Amino acid sequence: MSLTVHSIIMGMSTAYLIESDAGLVLVDAGLPRYERKVVRRIRALGRDALGLIFITHAHLDHYGSAAALRRLTGAPIAIHRADGDAMARGLTPLGSVHRRGRSLWALLRLFEPCLRPEPTAADVLLDDGDDLRAYGLDAVVLHTPGHTPGSSCLIVEGRIAFVGDLLSTTVRPRVQRSFAHDWSLIPDSLARLQALRPEWVYAGHGCRPLSGRALQRLTCEPLT
């Protein structure tokens, strides 16, 4: 299957339109009020339909425009069931804040009244190993908890990984080091992803993909 990945800057994070012969799937939906940017990109591609909105985890910079996009496109929203309740309640549970996350936490608190996401009930609650072939994409869900209880990656065609906030490629590639529901789970989640040996990795922050070889070199930094 021919497949192209289109990155879309959605405020603080990056969303990805996966284009295949069967249609379009969106990975993450950015901050609130970015839905029109996605619709414009869909139209620029000569498409008029979106098959699915896959949310990697329930933080406002990843599901903020999901409800609005569902209204505009009719596309169902999917998320791992462990994060379904937080998204349905419009919450962003940050867990334990570490290092650089302290300044980001302060900014979120400052701008929270403007950034508050719309409570968004999922249409599809996913589990580890679920596949998305029903939505026109050869992809499976890889549960990678730690950042949030339901943080998950989408593994497409066994070779392309969309990893949300498990990793970041902003400035330099690194494993999550700002916020975590359970820091002890992140090394195992990284190991699960590395064991699949994807060829390319797309993170929730940063636009450039990470090569599979570079992924294998990543380790979790000590929490000091």
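Colleague: Before we look around, what are the ground rules?

Modeller: This is a predicted model, with residues numbered from 1 along each chain as its sequence is written; local features need pLDDT of at least 70, side-chain atom pairs count only at pLDDT 80 or more, and totals for chains, interfaces and linings use all residues. Side-chain values use heavy atoms, with hydrogens and water left out.

Colleague: Which strand order does the open sheet of 6 strands have?

Modeller: The order is S1-S2-S3-S4-S5-S7, and the pairing is mixed. Strand S1 (3–10) and strand S7 (124–126) are the edge strands, each pairing on one side only. On average, neighbouring strands of this sheet are turned by 25° against each other, direction ignored. (Axes are lines fitted to C-alpha atoms, for helices over the stretch in contact, and angles run from 0 to 180 degrees between N-to-C directions.)

Colleague: Which pairings could I look up in the 3D view?

Modeller: To get from S3 to S4, the chain crosses through helix H1 (residues 35–44) in a right-handed β-α-β crossover. Right-handed means that, with the strands pointing away from the viewer, the path from the first strand over the helix to the second runs clockwise. Further along, 3 bridges join S5 to S7, which run parallel; Ile79 has Leu125 as its bridge partner in S7. H1 packs on this sheet too, touching S1, S2 and S3, and its direction makes about 150° with that of S1. (Contact means heavy atoms within 4.5 Å.)

Colleague: Is S3 mostly covered or uncovered?

Modeller: In a regular strand the side chains alternate between the two faces of the sheet. In strand S3 (residues 23–27), 5 of its 5 residues are buried; buried means under 20% relative accessible area, exposed over 50%, partly exposed in between (1.4 Å probe, protein chains only). Gly23, Val25 and Val27 point one way, while Leu24 and Leu26 point the other.

Colleague: What is the strand order in the open sheet of 5 strands?

Modeller: That one goes S8-S9-S10-S14-S15, again with mixed pairing. Strand S8 (139–143) and strand S15 (210–211) have a single partner strand each, so one side of each is left without a neighbour in the sheet. Helix H6 (residues 186–196) packs on this sheet and touches S8, strand S9 (152–156) and strand S10 (160–162). Strand S14 (residues 200–202) and S15 run antiparallel, joined by 2 bridges, and Trp200 has Ser211 as its bridge partner in S15.

Colleague: Which residues of H6 are buried?

Modeller: They are Ile186, Ser189, Leu190, Leu193 and Gln194. Just after H6, Arg197 takes a positive phi of about 50°.

Colleague: How many aromatic pairs does a search of the whole structure find?

Modeller: It finds 3. Rings of Phe, Tyr and Trp (its six-membered ring) pair if their centres lie within 6.5 Å; planes under 30 degrees apart count as stacked, over 60 as edge-to-face and the rest as tilted. Tyr16 and Tyr202 make an edge-to-face pair, 5.2 Å centre to centre with 70° between the planes. Tyr16 lies in strand S2 (residues 13–20) and Tyr202 in strand S14, so the pair ties together parts that are 186 residues apart in sequence. Phe162 and Tyr202 have ring centres 5.2 Å apart and planes at 20°, so this pair is stacked. Phe162 sits in strand S10, 40 residues from Tyr202. Both Tyr16 and Tyr202 are buried, and Phe162 is buried as well. Tyr16, Phe162 and Tyr202 form one aromatic cluster.

Notes: Two strands pair if DSSP finds at least two bridges between them. Helices (H or I, at least four residues) and strands (E, at least two) are DSSP runs, numbered from the N terminus.
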